[in-house]
Amino acid sequence: MAGHSKFKNIMHRKGRQDAVRSKMFSKLSKEITVAAKMGDPDPDKNPRLRLAVQNAKGQSMPKDNIQRAINKSQQGDAADYVEIRYEGYGPGGTAIIVEVLTDNRNRSAGAVRSYFTKYGGAMGETGSVSFMFDRVGEITYKLDVGDADKLMEAGIEAGAEDVVTDEETHTIICAFEDLSEVSKALEADLGEAESVNMIWKPQNLVPVNEDKAGTLMKFMDIIEEDDDVQNVYSNFDISEEVMAKLG
């Protein structure tokens, strides 16, 4: 298990599908509202909103929920959210990046700092760990769109930098600035993606032993639960053997 991409599956294995789904919809709605408020409420005229709506559809979010989130952006009482990135070191010396959308900077800063402190980590300054990551575009498709060869060919044609297929999904990586163009090309060839995101991709992974892995998973769990937290990225690498012991 490496980084952020598989964390959702741990949450599912805990038998918390409904709670996870509700939390996911809440975060997707917030991103839609912010994207619509910052730009045009028409997804065809607002690239960020288009991606947010596409991701919501990929997670089977009802159309009514999506439209409600867009409409909220046009209401005078819509909250003014700010985007903040927190960085630091978590259990086992792992690098952690936390992306937040919040209407209260002090609340978010205090909460995130408390999570780092509680689990033996340390929050640093902006830039303290992000230099160990690359800012890239990530596009994911379900396995049923085709085999690995088909996705590799489609990715190359679309201008992607890498295509990885595992037992759960196809993941296409592209340059940050090419995300919109590559995702459109893939959509024309393969249909709508399950998700299209700008992510922090670790340059190298840090092995985490059994002693620290349990603490790290608890840390990731509680920080993901925070309503203000949109995304969490890390460079940890936990072996299948250790994951099995953790249950």
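Ile222 is partly exposed in this predicted model. Its relative accessibility is 27%. The residue sits in helix 8, which spans residues 210-225. Leaving out residues up to four places away in sequence, Ile222 touches Tyr115, Lys118 and Tyr119. Val112 lies 110 residues from Ile222 along the chain, yet their C-alpha atoms are separated by 9.8 Å.

The model has two aromatic pairs. They are set out below.

| Pair | Centre to centre | Angle between planes | Geometry |
|---|---|---|---|
| Phe116 and Phe219 | 5.2 Å | 65° | edge-to-face |
| Tyr119 and Phe219 | 6.2 Å | 70° | edge-to-face |

Each pair links distant parts of the chain. Tyr119 and Phe219 are 100 residues apart, with Tyr119 in the loop between helix 5 and strand 3 (122-124). Together, Phe116, Tyr119 and Phe219 form one aromatic cluster.

Gly92 belongs to another part of the account. This glycine lies in the loop between strand 1 (82-89) and strand 2 (95-102). Its relative accessible area is 35%, so Gly92 is partly exposed. Beyond its neighbours within four places in sequence, Gly92 is in contact with Val206 and Lys212. Asn209 is 117 residues from Gly92 in sequence, but 7.8 Å away in space, C-alpha to C-alpha.

Key
Residues numbered from 1 in each chain as written. Predicted model: local features only at pLDDT ≥ 70, side-chain atom pairs only at ≥ 80, totals over all residues. Heavy atoms only, no water. Helix = DSSP H or I, 4+ residues; strand = E, 2+ residues; numbered from the N terminus. Buried < 20%, exposed > 50% of the residue type's maximum accessible area, 1.4 Å probe, protein only. Contact = heavy atoms within 4.5 Å. Phe/Tyr/Trp six-rings, centres within 6.5 Å; stacked < 30°, edge-to-face > 60°.
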